[in-house]
Amino acid sequence: MAGTVDPQRWHGRLAELIAEYEVPGANLAFLHEGEVHEFAAGLLNVDTGVETTTDSLFQIGSVTKVWTATQIMILAEQGALTLDTPVCEVLPEFRVADPEVTKTVTIRHLLSHTSGIDGDLFLDTGRGDDCVEKYVAACADLAQNHPLGATQSYCNSGFVVAGRVIERLTGKTWDAALREQIIEPLGLTHTWTLPEDVLRFRAAMGHLDGKPAPVSSLMRSAGPAGLISARPADVVAFGRAHLGTGLLADPKAMWEPQVDIPNPYTLGRQWGIGWILDEWQGHRVISHGGNTIGQAAMFWVLPDTETVVCSLANGGHTAAFHQAVATELFAELAGITVPPVLGPPAEPFQADRERYTGVYQRAGSRMTVSLRDDRMFLLVEPTGALAELQPPVEVELVAVNETTFVGRPEGDPQWLSAVFYELPDGSPYVHLGVRATPKIA
């Protein structure tokens with residue numbers, strides 16, 4: 001391991017980083033050599049001026065998916081199902097648009113984002129305890145983004161379906177089952193899912209363009225995919241439980257690679273069961289990120305050094321902020337160099353750009369790749385329920401190699417990457433933001 005932690009330095013350093021990346025408030029906790037360290041900086045809400053404290057709750061977004069996957073694995077270890085159990089065996093009423101997928105999609109497909117279900121469905125089915133059940137009924141119209149098992153594409157709906165599987169097998173709502181299976185056994189006091197519970201604590205408000213977001217949270221029906229709010233120390237305790245037998249007899253089963261990520265430059269190289277998998281200088285890394293409306297989370301676990309880190313932010317350039325925190329922190333804690341974000345090559349690369357021009361579309365997003373004045377551009381237009389909260393973004397794409405391109409939105413310090421590729425049947429796709437999007441025109 002590298003040097004010891006200097007708490008005084010990190011109190012000041014976190015404040016410096018949120019200023020650099022225009023983050024209103026941040027909350028950070030990490031486990032190092034058996035001790036948990038906590039730091040907070042900035043404001044929970046720029047309008048109210050309430051300061052961030054280490055026990056403040058932030059939305060952890062899709063980091064929730066690791067918790068939902070863990071719930072499924074607890075049930076699997078109890079013999080209630082296996083990863084290869086077809087969803088329809090547990091939920092006979094389950095339907096998607098493709099009847100063959102309805103019959104054959106498994107729990108493993110859901111938890112590794114390989115179902116192909118076009119699953120960025122954000123549908124408010126009410127505040128009742130039947131909201132997840134109603135959401136799953138609405139999945140009957142969901143088409144396939146790609147054939148079952150053909151590639152990896154992030155699917156929020158798959159985790160809501162998994163949440164419904166948990167409800168059916170436990171006889172409880174997903175929220176109640178989460179408390180019984182994970183939150184209470186770990187003694188977590190600052191981990192909640194419903195806004196009326198979150199409001200009993202100091203709670204972060206998301207920010208868009210420096211101002212508080214127009215809504216505080218997503219609909220309850222999205223719970224199993226991304227509705228946990230927590231202080232980072234609670235998330236670290238959850239991660240620590242995955243290093244031993246605090247929740248599962250065999251947590252390593254969730255670290256087994258299930259599929260390669262076509263674009264390995266965003267969050268990791270492979271997907272496991274719930275976890276994103278990567279390797280830094282020979283060290284295994286299991287992680288997950290999360291984004292809600294104006295809030296962003298990152299969660300990393302390095303099993304061989306027993307290092308667990310949770311970084312939470314409520315606006316600003318969150319991706320660049322989390323990257324900066326990780327780069328500095330892992331070098332200090334474990335002497336590990338975090339891979340830098342992929343940027344343009346030192347020398348220009350001449351790719352066959354014409355072959356990639358056209359329209360790519362999936363639920364929630366329409367992308368147009370075009371050439372203008374011998375420059376390549378990507379226009380991303382959000383569609384669906386969250387479109388009004390996310391304006392269209394256009395970036396110039398710069399070739400790194402024949403299939404990989406990078407671009408940087410105006411005013412953003414962080415590069416994003418897009419990988420163009422084909423499925424085994426020759427169908428063209430672009431992989432951006434851990435999602436596969438098919439070319440339609």
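Q: Which ring does the charged end of Arg 200 sit over?

A: Good place to start! In this predicted model, the charged end of Arg 200 sits over the ring of Trp 192, 4.6 Å from its centre. Lys 65 lies over the face of Phe 159, with 5.9 Å to the ring centre.

Q: How many aromatic pairs are there, and how do I read their geometry?

A: The count comes to 13 aromatic pairs. Planes under 30 degrees apart count as stacked, over 60 as edge-to-face. The planes of Phe 30 and Phe 39 meet at 25 degrees with ring centres 5.7 Å apart, so this pair is stacked. Tyr 356 and Phe 405 are edge-to-face, at 80 degrees between the planes and 5.7 Å centre to centre.

Q: Which residues do ring pairs link into a cluster?

A: Trp 67, Phe 238, Trp 275 and Phe 299 are linked that way. Trp 67, Trp 275 and Phe 299 are also among the residues that touch the most other members of the largest nonpolar core, which has 68 residues. Helix 2 (residues 64–77) gives the largest share of this core, 7 residues.

Q: Is helix 11 largely enclosed or open, and why?

A: Burial is the thing to check, and under 20% relative accessible area means buried. Helix 11 (residues 232–241) has 8 of its 10 residues buried, so the rest of the structure largely encloses it. Phe 238 is one of those buried residues, and Phe 299 touches Phe 238 as well as Val 235 and Gly 239.

Notes
Residues are numbered from 1 along each chain as its sequence is written. This is a predicted model: local features need pLDDT of at least 70, side-chain atom pairs count only at pLDDT 80 or more; totals for chains, interfaces and linings use all residues. Side-chain values use heavy atoms; hydrogens and water are left out. A nonpolar core is a set of buried Ala, Val, Leu, Ile, Met, Phe, Trp, Tyr and Cys residues joined through side-chain atoms within 4.5 Å. Buried means under 20% relative accessible area, exposed over 50%, partly exposed in between (1.4 Å probe, protein chains only). Helices (H or I, at least four residues) and strands (E, at least two) are DSSP runs, numbered from the N terminus. Contact means heavy atoms within 4.5 Å. Rings of Phe, Tyr and Trp (its six-membered ring) pair if their centres lie within 6.5 Å; planes under 30 degrees apart count as stacked, over 60 as edge-to-face and the rest as tilted. A charge sits over a ring if NZ of Lys or CZ of Arg is within 6 Å of the ring centre and within 35 degrees of the ring normal. Lists of a residue's contacts leave out its neighbours within four places in sequence.
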